[in-house]
Amino acid sequence: MTGITVDELDVHYGDLQVLWDVSLEIREDDSVVAIVGPNGTGKSTLLKTMSGLITPTDGTVEIFGTDSRNLSPSEIVERGFVHVSEERNLFGDLSVYENLKMGAYTERETFEETLEEVYDMFPILEERNDQKAGTLSGGQQQMVAIGRGLMAKPKVLALDEPSGGLAPQLTNRVFEKVDEISDDVTIVLVEQHVDQALDLANRAYLLENGRIATEGTGQELLESDRVKESYLSG
Ligand SMILES: Nc1ncnc2c1ncn2[C@@H]1O[C@H](COP(=O)(O)OP(=O)(O)O)[C@@H](O)[C@H]1O
Ligand SMILES: [Mg+2]
């Protein structure tokens with residue numbers, strides 16, 4: 001197992017404990033691992049801890065065999081774990097191209113080739129190449145954020161609520177793209193659209209109140225009473 005292993009993680013913000021004894025793994029042969037759960041339950045905190053932005057109070061994160069305490073956030077990216085945050089963090093005054101280029105800082109040699117792959121995946125980004133990212137629609141900005149993540153040639157790409165703030169039709173487009181990307185790259189998908197995320201996922205974790213409440217295949221979680229009662233409509 002040379003993917004990412006999270007072992008008995010506790011995370012605090014000051015005195016407030018947010019994650020409790022969280023263990024999970026992302027295997028390199030996973031296509032999509034979903035992490036679902038209600039707002040405020042610690043999903044983003046978990047991804048930030050996995051990408052080295054937050055130091056846990058207890059427990060460990062292993063990134064492709066290396067303890068994350070020995071890696072800086074940019075070294076974690078270089079090893080192949082890339083995290084597209086909920087806020088997207090685009091440079092609004094810079095062009096689409098410049099934003100994409102910034103994602104490639106670890107992979108300068110293969111930049112042109114990777115850019116072609118990203119444009120193939122998201123033709124709209126090639127069309128809008130010179131446009132300032134801040135002037136794009138929300139859906140297009142999300143494509144830039146995902147595209148920028150892909151520019152670092154990740155082995156594992158974590159997406160924090162990629163459908164956040166998008167209209168239903170665009171949400172569907174994002175899920176289609178995630179499905180497409182997962183043919184080549186392992187995706188960690190944090191979502192509040194629980195049914196769609198579980199539908200795509202080969203494995204999934206339900207996080208509740210900062211703890212792993214249930215785990216299994218995407219299908220198992222979709223069919224579990226706990227998920228049905230609390231998270232699925234209709
Ligand atoms: N920087 C922070 N400082 C203090 N508390 C925070 C901070 N970020 C998040 N929290 C709190 O931690 C909990 C989990 O937040 P978060 O990880 O963003 O949850 P989720 O992504 O599942 O919505 C929430 O109670 C939130 O208010
Ligand atoms: Mg969040």
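This is a predicted model: local features need pLDDT of at least 70, side-chain atom pairs count only at pLDDT 80 or more; totals for chains, interfaces and linings use all residues.
G40 places a backbone N or O atom 2.7 Å from an oxygen atom of ligand 1. G42 also uses a backbone N or O atom, here at 3.0 Å from an oxygen atom of the ligand. With S44 the side chain takes part: one of its polar atoms lies 2.8 Å from an oxygen atom of ligand 1.

The next step is the division of the protein chain into domains. The assignment gives domain 1 as residues 4–80 together with 154–231, and domain 2 as residues 91–153. Domain 1 is therefore written as two stretches of the chain, because the domain bounds come from an automatic or database assignment. Taken over C-alpha atoms, the centres of domain 1 and domain 2 are 23 Å apart.

How many residues of each domain are in contact with the other? On the side of domain 1 there are 15, and on the side of domain 2 there are 13. The size of an interface is often given as the accessible area lost when the parts come together. Between domain 1 and domain 2 the buried area is about 1200 Å², and carbon and sulfur atoms give 77% of it. Within domain 1, the residues that lose the most area to domain 2 are P154, K177 and I181, which together make up 37% of what that side buries.

Polar links between the two domains can be counted as well. There are zero salt bridges between domain 1 and domain 2. One residue pair is in polar contact across the two domains, with both residues at pLDDT 80 or more.

Which elements give two or more residues to the side of domain 1 that touches domain 2? They are the helix α2 (73–79), the strand β7 (156–160) and the helix α7 (168–181). The most comes from α7, which gives five residues to this side. Sorted by class, the side of domain 1 that touches domain 2 holds 10 nonpolar residues, one polar residue and four charged residues.

Definitions and conventions:
Residues are numbered from 1 along each chain as its sequence is written. Chains are lettered from A and ligands numbered from 1 in the order in which they are written. Side-chain values use heavy atoms; hydrogens and water are left out. Contact means heavy atoms within 4.5 Å. Buried area is the accessible area (1.4 Å probe) that two parts lose on being put together, summed over both. A salt bridge is a side-chain nitrogen of Lys or Arg within 4 Å of a carboxyl oxygen of Asp or Glu. A polar contact is a pair of N or O atoms within 3.5 Å; within protein, one must be able to donate a hydrogen and the other to accept it, and residues adjacent in sequence count only if both atoms are side-chain atoms. Helices (H or I, at least four residues) and strands (E, at least two) are DSSP runs, numbered from the N terminus. Ala, Val, Leu, Ile, Met, Phe, Trp, Tyr, Cys and Pro count as nonpolar, Asp, Glu, Lys and Arg as charged, and the others, Gly among them, as polar.
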